[in-house]
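Hello,

The structure we discussed is below. My notes on it follow.

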Amino acid sequence: MSKLVIVGTVAFDAIETPFGKTDKILGGAATFIGLAASHFDVDAAAVSVVGGDFPQEYLDLLVNKNINIEGVEIVKDGKTFFWSGKYHNDMNSRDTLATELNVLEHFNPVVPEAYQDAEVVMLGNLHPLTQQSVLDQMTKKPKLAILDTMNFWMDIALDDLHAVIKNIDVITINDEEARQLTGEYSLVVAARKIHEMGPQYVVIKKGEHGALLFHNDHMFYAPALPLEEVFDPTGAGDTFAGGFAGYLAKTEDYSFENMKNAVIYGSTLASFCVEKFGTERMQNISKDDVEYRLKEFKRLTQFNIELS
């Protein structure tokens, strides 16, 4: 069984959308990545930090999903990272209402010894120096290192971001971030420039418009599944990354052709994430649910072109 190391926040979120609002609920990049990856037969470990205010039931949830939490540090006298946001009517844009770093401010990730030889490392959205410190702890080079980042780090830590990007195999970012990172409007040109920074594979997420996968001169596009209801987009990108990483860790095939499948699995799981607030929907997905939605993707995208 392949080992998968997941690094990122385990946190509290408070969310407001046109469909309602929540008090503090479970959130964080590592949480969504882990819940998505739990659908694959991999030995996954989360590396994160929480405060003494973090409920045991949330930790138990991760354990019950077969996610090792030995690498989740608990700072008893600290408070857990908290983010609050309000989505606009189009659900594509949002305003951040509060960001409280709390214990995350002084977080030094420690990869459990048993996972320092993991085949796949998923570096969730954190400071680039934190992401690099995880790679430095690996006793052998991972077969696949995947990095997620955001425009905030491009604004305040661009040099550090460039340094860690040199050391990874796959980068997953959204279209706005790809344009900011490269200064190019065309996503094809942007992907080419990102390749030159180091990654062999570039995944550009486009929200409700799907995702693009680039490898050298090869491209692949997967649409997002049209849904009747979208309650909360929070965590969808992380869920995509978790499905993507989990599938690749399970299959141990890191070719471009298999990454196409990984993109579809990531998109499939992300389609569940947005149907409820926070992690609620991700906690209760069955294998049959996933298989049915994969078949929906197949019906949506496969057809024969009659050439005259």
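**Helix α8**

In this predicted model, α8 is largely enclosed by the rest of the structure, because 13 of its 16 residues are buried (buried: under 20% relative accessible area with a 1.4 Å probe, protein chains only). Helices here are DSSP runs of H or I with at least four residues, strands are runs of E with at least two, and both are numbered from the N terminus. Helix α8 covers residues 236–251 and spans 23 Å from first C-alpha to last, close to the expected 22 Å (1.5 Å times one less than the number of residues). Glu252 follows α8 and has a positive phi, near 55°.

**Whole chain**

The chain has ten helices and 14 strands. Its radius of gyration is 18 Å, close to the 19 Å from the globule rule for 308 residues, so the chain is as compact as a globular protein of that length (C-alpha atoms; the rule is 2.2 Å times the number of residues to the power 0.38). Along the principal axes, the C-alpha atoms fill a box of roughly 70 × 45 × 40 Å. Of the 308 residues, 54% are buried.

**Conventions**

Residues are numbered from 1 along each chain as its sequence is written, and side-chain values use heavy atoms, without hydrogens or water. As the model is predicted, local features need pLDDT of at least 70 and side-chain atom pairs count only at pLDDT 80 or more, while totals for chains, interfaces and linings use all residues.

Regards

Methods. Buried means under 20% relative accessible area, exposed over 50%, partly exposed in between (1.4 Å probe, protein chains only).
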